[in-house]
Amino acid sequence: MKRKLFITAALLCSFAVAFAAFADLNGNWAGSLTAPDGNEYPLNYTFKTANDILTGTSQSPQGTVDITEGKVKGDSLSFAIDVNGVKVLNTGKYFSAGDSISLNVDYQGMKFHSTLKRAVGK
């Protein structure tokens with residue numbers, strides 16, 4: 001009986017820690033993406049998490065678009081955004097210790113990488 005109680009308590013604590021880690025994913029994040037021609041493009045996201053669902057928006061000089069197909073599993077996240085009618089897939093990993101996100105972007109088969117940092121004061 002004590003063993004079952006201990007295991008149940010340990011599992012509940014594990015889930016609480018996992019959800020607490022992703023509570024930190026909520027908020028504004030910023031970075032930049034360097035294109036093959038050398039131009040830099042700003043990346044600005046507002047993330048919201050609920051259970052294993054990721055929602056929010058992506059902001060750019062062209063406007064704001066909703067995040068779709070957002071998922072969170074452990075420290076991994078994935079989502080899509082629409083850029084001028086093109087579905088752009090994003091996958092990444094959240095690093096709570098550095099309060100950063102390592103983000104991989106797939107734009108029409110071209111792969112890009114960026115690091116997002118929490119945007120302060122937005």
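Asp-99 counts as partly exposed, at 26% relative accessibility. That value comes from a predicted model, as does everything I shall present this morning. Asp-99 sits in the loop between S7 and S8, and its phi is near 45°, a positive value in a residue other than glycine.

Asn-84 lies in the loop between S6 and S7. Its phi is also positive, about 50°, although Asn-84 is not a glycine. Is Asn-84 buried or exposed? Asn-84 is exposed, because its relative accessible area of 75% is over the 50% cut-off. Asp-99, by contrast, counts as partly exposed because its 26% falls between the 20% and 50% limits.

The secondary structure comes to one helix and nine strands. Of the 122 residues in the protein, 30% count as buried. The accessible surface comes to about 7900 Å², and carbon and sulfur atoms account for 60% of that surface. As for contacts between residues at least 6 apart in sequence, 28% of them join residues at least 24 apart.

Ser-58 counts as buried, because its relative accessibility of 9% is under 20%. Leaving aside neighbours within four places in sequence, Ser-58 is in contact with Asn-44, Tyr-45, Gly-63, Thr-64, Val-65, Ile-67 and Ile-81. With neighbours up to four places away again not counted, Thr-57 touches Asn-44, Tyr-45, Thr-46, Thr-64, Val-65, Asp-66 and Ile-67.

Beyond neighbours within four places in sequence, Lys-93 is in contact with Asp-75, Ser-76, Leu-77, Ser-100, Ile-101 and Ser-102. Which residue has its C-alpha atom 6.7 Å from that of Lys-93? The residue is Leu-103, 10 residues away along the chain.

The largest pocket has a volume of about 700 Å³. Of the 25 residues that line the largest pocket, the closest to its centre are Tyr-41, Leu-43, Gln-62, Val-83 and Tyr-107. Where does the lining come from? Strands S2 (40–50), S3 (53–60), S4 (63–66), S6 (76–83), S7 (86–95), S8 (100–107) and S9 (110–118) each supply at least two of its residues. The largest share, five residues, comes from S2. By class, the lining has 16 nonpolar, eight polar and one charged residues.

To bring the pieces together: S3 and S7 both contribute to the lining of the largest pocket. The loops on either side of S7 hold the two residues with which I began, Asn-84 between S6 and S7 and Asp-99 between S7 and S8.

Methods
Residues are numbered from 1 along each chain as its sequence is written. This is a predicted model: local features need pLDDT of at least 70, side-chain atom pairs count only at pLDDT 80 or more; totals for chains, interfaces and linings use all residues. Side-chain values use heavy atoms; hydrogens and water are left out. On a 1 Å grid over the protein atoms alone, a cavity is a set of points where a 1.4 Å probe fits but cannot get out, and a pocket is an open set with protein on both sides within 12 Å along at least five of seven lines; lining residues have an atom within 4 Å of a point. Grid points are joined across faces, edges and corners, and a volume is the space filled by probe spheres set on the points. Helices (H or I, at least four residues) and strands (E, at least two) are DSSP runs, numbered from the N terminus. Ala, Val, Leu, Ile, Met, Phe, Trp, Tyr, Cys and Pro count as nonpolar, Asp, Glu, Lys and Arg as charged, and the others, Gly among them, as polar. Buried means under 20% relative accessible area, exposed over 50%, partly exposed in between (1.4 Å probe, protein chains only). Contact means heavy atoms within 4.5 Å. Accessible areas come from the Shrake-Rupley method with a 1.4 Å probe; for residues, only the protein chains shown count as cover.
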